[in-house]
Amino acid sequence: MQPKDIVAQFISEIHAQRFDNAKTLLVAEGFEYVGPNMRFLSPDDMISYQFAMAAIQKDLVLRQLSADGEHVFAILDYQTNFEPIGDVRLALWFRVRDDKIQTVEAFYNAAVVENML
């Protein structure tokens with residue numbers, strides 16, 4: 001699969017809350033997720049966080065997906081049932097190597113999420 005297809009499948013699995021399937025698209029060793037208010041070096045930790053957020057997820061709308069080689073860029077609207085957060089616009093930068101997602105860098109308004117935590 002092409003990197004863009006792998007990321008599209010990952011987003012689809014997160015949207016459908018099929019977290020075990022999403023995890024299979026991440027490298028087991030050398031994984032890194034960096035966001036404005038958290039960092040995960042383990043796919044398990046990132047997937048556990050996604051699972052915890054599932055209770056407030058109303059919808060995950062993919063607005064744009066583009067690729068440049070192993071780099072894939074996604075713009076999403078994370079719609080929640082949690083009124084203090086509302087909807088969060090996300091920009092995600094993925095790096096895919098050997099048909100697995102190795103790194104994810106997330107950009108969003110962290111202040112909104114920190115208010116919830």
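Residues are numbered from 1 along each chain as its sequence is written. In this predicted model, local features need pLDDT of at least 70, side-chain atom pairs count only at pLDDT 80 or more, totals for chains, interfaces and linings use all residues, and side-chain values use heavy atoms, without hydrogens and water.

User: How many bridges pair strand E3 with strand E4?
Analyst: Let's start with the terms: strands (E, at least two residues) and helices (H or I, at least four) are DSSP runs numbered from the N terminus, and two strands pair if DSSP finds at least two bridges between them. E3 covers residues 57–68 and E4 covers residues 71–80. They run antiparallel, and their bridges number 10.

User: Which residue in E5 is the bridge partner of Val72?
Analyst: E4 also pairs with strand E5 (residues 87–97), antiparallel and through nine bridges. Within E5, the partner of Val72 is Phe94.

User: What is the volume of the largest cavity?
Analyst: A cavity is a set of points on a 1 Å grid over the protein atoms alone where a 1.4 Å probe fits but cannot get out. Points are joined across faces, edges and corners, and the volume is the space filled by probe spheres set on them. The structure has one cavity of 30 Å³ or more, and the largest holds about 360 Å³.

User: How many residues line the largest cavity?
Analyst: Lining residues have an atom within 4 Å of a point. Helix H1 (3–15) and E5 are among the elements that each supply at least two. Tyr33, Gln50, Tyr78, Leu90 and Leu92 lie nearest the centre, and the lining residues number 21.

Terms used: On a 1 Å grid over the protein atoms alone, a cavity is a set of points where a 1.4 Å probe fits but cannot get out, and a pocket is an open set with protein on both sides within 12 Å along at least five of seven lines; lining residues have an atom within 4 Å of a point.
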